[in-house]
Amino acid sequence: MRLIALLGIAFVTAAGTPTTATGHADALTETALTPPIDDYPRRIGVDVEAYRFELTLSDDTDRIVALSTTSLLFTANGVADFALDLTGPRDDGTGMTVSTVSIGGAPVNYVHENDVVTISL
């Protein structure tokens, strides 16, 4: 097992309609007595320990600049990539655009498509 303590993702989003992560079940479904159905796909071999978000807001633009730092614990050997849900840019100006991804301060390759950022380790 290995720990990557600082996985930094810098992204920009336009203000407006709130953007949500994809794939999560609602907190409660039909009634308060019905538990949610958790069919969210798990990331095998990776355990997210913590997220930290730094946001920069400006009165001059409708953009939010953010830095996300994620602490990961790898629970299996041989994990070659890691995926995070992040809504991509939309035609209406909502969504987020990833500008850089780094591990321990060093840039790494990533792909952001279909609302998922896949990071090469």
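I started with S68, which sits in strand β3 (residues 63-74); strands here are DSSP runs of E, at least two residues, numbered from the N terminus. This is a predicted model, where local features need pLDDT of at least 70, side-chain atom pairs count only at pLDDT 80 or more, and totals for chains, interfaces and linings use all residues. Residues are numbered from 1 along each chain as its sequence is written, and side-chain values use heavy atoms, with hydrogens and water left out.

Is S68 buried or exposed? I found S68 buried, at a relative accessible area of 5% (buried is under 20%, exposed over 50%, partly exposed in between, with a 1.4 Å probe and protein chains only). S68 and R52 are 16 residues apart in sequence, yet I get 5.6 Å between their C-alphas.

Next I looked up T94, in the loop between β4 (81-85) and β5 (96-103). T94 is buried too, with a relative accessible area of 12%. Its side chain makes a polar contact of 2.6 Å with that of D92 (N or O atoms within 3.5 Å, one able to donate a hydrogen and the other to accept it; residues adjacent in sequence count only if both atoms are side-chain atoms).

Then β4 itself: four of its five residues are buried. Five bridges join β4 to β8 (residues 116-120), and the two run antiparallel; pairing takes at least two DSSP bridges. I noted D85 opposite V116 in β8.

Last, I checked L55 in strand β2 (residues 46-57). L55 is exposed, with a relative accessible area of 59%.
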